[in-house]
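Please look through the sequence and the 3D structure below, and then follow the explanation one step at a time.

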Amino acid sequence: MAKVFNISIKVFLIAFAFLYIIPLLIIFTSSFMSMGEIARNYGDTHDFFDHDLMRQISYVQYSLIPEKISLSQYYTLLFRTPMYLDYFMNSVRLTLPIVAMHVVIGSLAAYGFTVWKSRFKEIIFCIYIIVMVLPFQATLVPNFIMADTLGILNTHNSIILPLGFSPFAVFIMRQSMKGIPPSILEASQIDGANHFKRFLYIALPMSKSGMAALVILTFADSWAMIEHPMVFLRDSALEPLSVVLYRLGQGDIGLIFAASVFYMLPMIWLFLYGQEYFEQGVKLSALK
């Protein structure tokens, strides 16, 4: 009975995962369709009258496998619309500094919470957690006013600086560093290692899994951001690819498929590269 139950669970999870993957498969395969095939699959609607429901139903008929593989969408995207690469680089310019700030600031603050001996430590960390669960809309207006006061509005810094300081990064790294045996830190202190050496040579190497989870989660969140660029950036030339894809939804659907595939590649590569560390980091964060 237990074996049948386990098999049923696995079949259900596989089916659920397949349903989740279907939209990604549609985007990937449709990006290799010709303009004519895309127009037939997504542009033409078919109508019929359902006598049982007594109403007219409209549907779109499409195939998952292209009739003939075509690279015309990618050619149009890369060579006829070169500004796409500029938008892609805008996403890189925004995402990498935010991820770097999360790792550096989050690691330093987490190390402080780990080695700091004070009765107020947990209270301060609890405040960090409360700030973490606040929706970004609660801080959007103050950040906008501060960016306008500093004169950095309509620049990438107006997005990088507020998002670079994250309680979430401190939480992830602290949960990971809590697994470091205190005896190791105490032994290194006896050997004459200062806080910088203990942080650099002990805390960071023993927190690789938490750091990998932080990098992947932060990269995914920053790579897909839409609200902040739309609020803080007025010059469309500074917008990241995520905002441009949102606006492409009102135009050529074939171009959207090709752009979406390129947009997903960095995130897919990063997750596959750090999947093992990511899973370990999530488990450690959930257990401690």
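Is the crossing of H4 and H11 left-handed or right-handed? In this predicted model, the crossing of these two helices is right-handed. Helix H4 covers residues 83–115 and helix H11 covers residues 208–223, and the two pack at an angle of about 145 degrees, with 9 Å between their axes. On the H4 side, the residues that make the contact include Phe 88, Ser 91, Val 92 and His 102, while H11 contributes, among others, Met 211, Leu 214, Phe 219 and Trp 223. Sorted by class, this contact has eleven nonpolar residues and six polar ones, with no charged residues.

In soluble globular proteins, nonpolar side chains tend to be buried together. Here the largest nonpolar core has 33 residues, and Met 177 and Leu 241 are those with the most contacts inside it. Among the elements that give two or more residues to this core are H4, H8 and H11, but helix H14 gives the most, with seven residues. Beyond its neighbours within four places in sequence, Leu 241 is in contact with Tyr 84, Tyr 87, Phe 88, Ser 91 and Tyr 263. Apart from this core lies another, of twelve residues, including Met 101, Ala 147, Met 225 and Phe 232.

How values were computed
Residues are numbered from 1 along each chain as its sequence is written. This is a predicted model: local features need pLDDT of at least 70, side-chain atom pairs count only at pLDDT 80 or more; totals for chains, interfaces and linings use all residues. Side-chain values use heavy atoms; hydrogens and water are left out. Axes are lines fitted to C-alpha atoms, for helices over the stretch in contact, and angles run from 0 to 180 degrees between N-to-C directions. Helices (H or I, at least four residues) and strands (E, at least two) are DSSP runs, numbered from the N terminus. A crossing is left-handed if the near helix is turned anticlockwise from the far one by less than a right angle, and right-handed if clockwise. Contact means heavy atoms within 4.5 Å. Ala, Val, Leu, Ile, Met, Phe, Trp, Tyr, Cys and Pro count as nonpolar, Asp, Glu, Lys and Arg as charged, and the others, Gly among them, as polar. A nonpolar core is a set of buried Ala, Val, Leu, Ile, Met, Phe, Trp, Tyr and Cys residues joined through side-chain atoms within 4.5 Å. Buried means under 20% relative accessible area, exposed over 50%, partly exposed in between (1.4 Å probe, protein chains only).
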